[in-house]
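Take a moment to look over the protein below. We will walk through it together, step by step.

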Amino acid sequence: MSESKKIKGFFNMGDFGNYFVRVFQKPDPDQKSNFNLRMMHGINKISIVVFLLAIIVWVVKRFI
């Protein structure tokens, strides 16, 4: 196995990682979507951003 495949495999997060990439992408106009699905993804975006901000604040308070 080549070195680049080993590194790519190390950072491969499967369905879990792909979800985070998909949530922040522009919606596909060809794919059917409904109001509940859009709201779910909107709430998930907010949750992810708030969580990352909390981690950043925690790290800054802890180490500075």
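What is the volume of the largest pocket? The answer is about 470 Å³. A pocket here is an open set of points on a 1 Å grid over the protein atoms alone, with protein on both sides within 12 Å along at least five of seven lines, and lining residues have an atom within 4 Å of a point. The volume is the space filled by probe spheres set on the points, which are joined across faces, edges and corners.

Before going on, a word on where this comes from. The model is predicted, so local features need pLDDT of at least 70 and side-chain atom pairs count only at pLDDT 80 or more, while totals for chains, interfaces and linings use all residues. Residues are numbered from 1 along each chain as its sequence is written, and side-chain values use heavy atoms, with hydrogens and water left out.

Back to the pocket: 15 residues line it, and Arg22, Pro27, Asp28, Gln31 and His41 lie nearest its centre. Two elements, α2 (14–23) and α3, each give two or more residues to this lining, and α3 supplies the largest share, 5 residues.

Now step back to the whole protein. It has 3 helices and 0 strands (helices are DSSP runs of H or I with at least four residues, strands are runs of E with at least two, and both are numbered from the N terminus). Of its 64 residues, 5% count as buried, where buried means under 20% relative accessible area, exposed over 50%, and partly exposed in between, using a 1.4 Å probe and protein chains only.

Is Val23 buried or exposed? Val23 sits in helix α2 and counts as buried because its relative accessibility is 3%.

For contrast, visit Phe51, which belongs to helix α3 (residues 35–63). Phe51 is exposed because its relative accessible area is 54%.

Terms used: 1 Å grid on protein atoms, 1.4 Å probe; cavity = no way out; pocket = protein on both sides within 12 Å on 5 of 7 lines; lining within 4 Å.
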